[in-house]
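Trainee: I am new to this structure and would like a friendly tour. Could we go through it together?

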Amino acid sequence: MDIAPTPVPTRTSGAAPALAAPHAAAGAGVPGRWREVARAANLLDAEGTVAPTVFATMSALATRTGAINLGQGFPDTDGPASLLEDAVAAIRGGVNQYPPGRGIPVLREAIAEHQRRFYGLDVDPETEVLVTAGATEALAAALMALVSPGDEVVVLEPYYDAYAASIELAGATRRTVPLRFPEYTLEPGALAAAVGPRTRLILLNTPHNPTGHVLSETELAEVARVAREHDLLVVTDEVYEHLVFDGRRHVPLATLPGMAERTLTISSAGKTFSVTGWKIGWVHGPAELVEAVITVKQFLTYVNGAPFQPAVANALRLPEEHFAEVARRMQAGRDLLTEGLLEAGFTVSRPGGTYFVVADAAPLGYDDGMALCLDLPRLAGVVGVPVRVFHDDQAAGASLVRFAVCKRPEVLAEAARRLRTLTRS
Ligand SMILES: Cc1ncc(COP(=O)(O)O)c(C=O)c1O
């Protein structure tokens, strides 16, 4: 059934850029490691052509068709007014030159305070914190700093696509531990089974993208046990730390016994304060590990976002109610969209946090999530992303689609209304 997409208010300032032109059948003749990076990130097709990421493709599709973009995870509202005003004031006040390599002291202090206030972690802002260009740079620099070519890195699968690329850039190999729809829990023994003699590091992500799974204390204890037993470092990506639902609270892996000394914790202002374009991230952990990361990071971006740093520092000190409110809003978004997806006939995994909901289109007769995502703008005026792109095991995510819930209620309500009109193929 064809449904003319009803126009829904969208904010161009929040729209992702359309980057989806194929990368010029990126050239057989171009030398270098880019091809391995593309292959690692599942961007290389059978003919050796490099495809744009699915996020770019789907965002471009949304722009072209006017469909509601629930593909890429970016909010359609801005963060707290005080945060925006503070950044404007910093620019006007002349905070426009290179900040210190580790980040401005006031932000490092605010990060340390935040970790103490929310989690009771003791972090030295002088030696144990590094401000980065988003969580993405922190991840890339940490991997490049801490693993050597030939090492193995264990990740949960499905995984955020930048992990595969960064592991490849570090010259390492990924070993994956499957999380299975719809519960997405870590199966007992699965993590230990992925660890071998070359394993150097576990790359964890909780709350988890794309599944929305929030690791339980039992699952975290299992990660800690395996890391301690095999003397592994852990890099833990906790960018969705404040987007945890149903009265639960985020538990950083570094708070578990024996873990602070072997864990680098990564987060970012982007998700917590709805400023994904600012790219202010950070990493904290033992001074010698942070020192290793700085050594690499200084030659990636050196520094970034000077006027955003004091603004984020103030935001990290906002009252707890602010943080709770963001989680409540996202939980309401999850509920709204989940209801629409269930009524449409999808099977839905109920996420404990993040920006996302994963739904199975198989009950509707769609076995190929990629094909459905390409058709969904025409069928229902909505864009999602196929979960397959987050998997090594293509069969595992074949009919699954990830939808973003970080949108205004009226946008999600309209998306849910449209999805309900989907009929079985
Ligand atoms: C799990 C995860 N880690 C890291 C990032 C990137 O964070 P940043 O924008 O701060 O680089 C994202 C963004 O979607 C994410 O989902």
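This is a predicted model: local features need pLDDT of at least 70, side-chain atom pairs count only at pLDDT 80 or more; totals for chains, interfaces and linings use all residues.

Trainee: How many Å separate the centres of domain 1 and domain 2?

Mentor: Domain bounds come from an automatic or database domain assignment. That assignment gives domain 1 as 53-78 + 322-420 and domain 2 as 81-317. Taken over C-alpha atoms, the separation of their centres is 25 Å.

Trainee: Which element gives the largest share of the side of domain 1 that touches domain 2?

Mentor: The contact takes 32 residues from domain 1 and 30 residues from domain 2, where contact is counted if C-beta atoms, placed from the backbone, lie within 7 Å. On the domain 1 side, α12 (320-344), β9 (347-349), β10 (356-360) and β13 (400-404) each supply at least two residues; helices (H or I, at least four residues) and strands (E, at least two) are DSSP runs, numbered from the N terminus. The largest share, 6 residues, comes from α12.

Trainee: Is β13 mostly covered or mostly uncovered?

Mentor: A residue is buried if 20 or more other C-beta atoms lie within 10 Å of its own, exposed if 12 or fewer, and partly exposed in between, with C-beta atoms placed from the backbone. In β13, Leu400, Arg402 and Ala404 are buried on one side, and Val401 and Phe403 are buried on the other. With 5 of its 5 residues buried, β13 is mostly covered.

Trainee: Which residue stands opposite arginine 402 in β13?

Mentor: Two strands pair if DSSP finds at least two bridges between them. β13 runs antiparallel to β10, with 5 bridges joining them, and phenylalanine 356 stands opposite alanine 404. β12 (residues 385-386) also pairs with β13 in the antiparallel sense, over 2 bridges. There, the residue opposite arginine 402 is valine 385.

Trainee: Which are the edge strands of the open sheet of 7 strands?

Mentor: The strand order is β2-β8-β7-β6-β5-β3-β4, with mixed pairing. An edge strand here pairs on one side only, and the edge strands are β2 and β4 (173-178).

Trainee: What is the bridge partner of isoleucine 202 in β6?

Mentor: 6 of the 7 residues of β5 are buried, so this strand is largely enclosed by the rest of the structure. β5 (residues 199-205) runs parallel to β6 (residues 233-237), with 5 bridges between them. β5 also pairs with β3 (residues 152-157) in the parallel sense over 4 bridges, and valine 154 stands opposite isoleucine 202. In β6, the partner of isoleucine 202 is valine 234.

Trainee: How far apart are the end C-alpha atoms of helix α4?

Mentor: Helix α4 covers the 15 residues 105-119. The expected span of a helix is 1.5 Å times one less than its number of residues, and for α4 this should be 21 Å. The model agrees, as the end C-alpha atoms are apart by 21 Å.

Trainee: Which elements do the buried residues of α4 pack against?

Mentor: The buried residues of α4 are Leu107, Arg108, Ala110, Ile111, Ala112, His114 and Gln115. They pack against β2 (129-133), β8 (280-284) and α11 (308-316).

Terms used. Residues are numbered from 1 along each chain as its sequence is written. Two residues are in contact if their C-beta atoms, placed from the backbone, lie within 7 Å.
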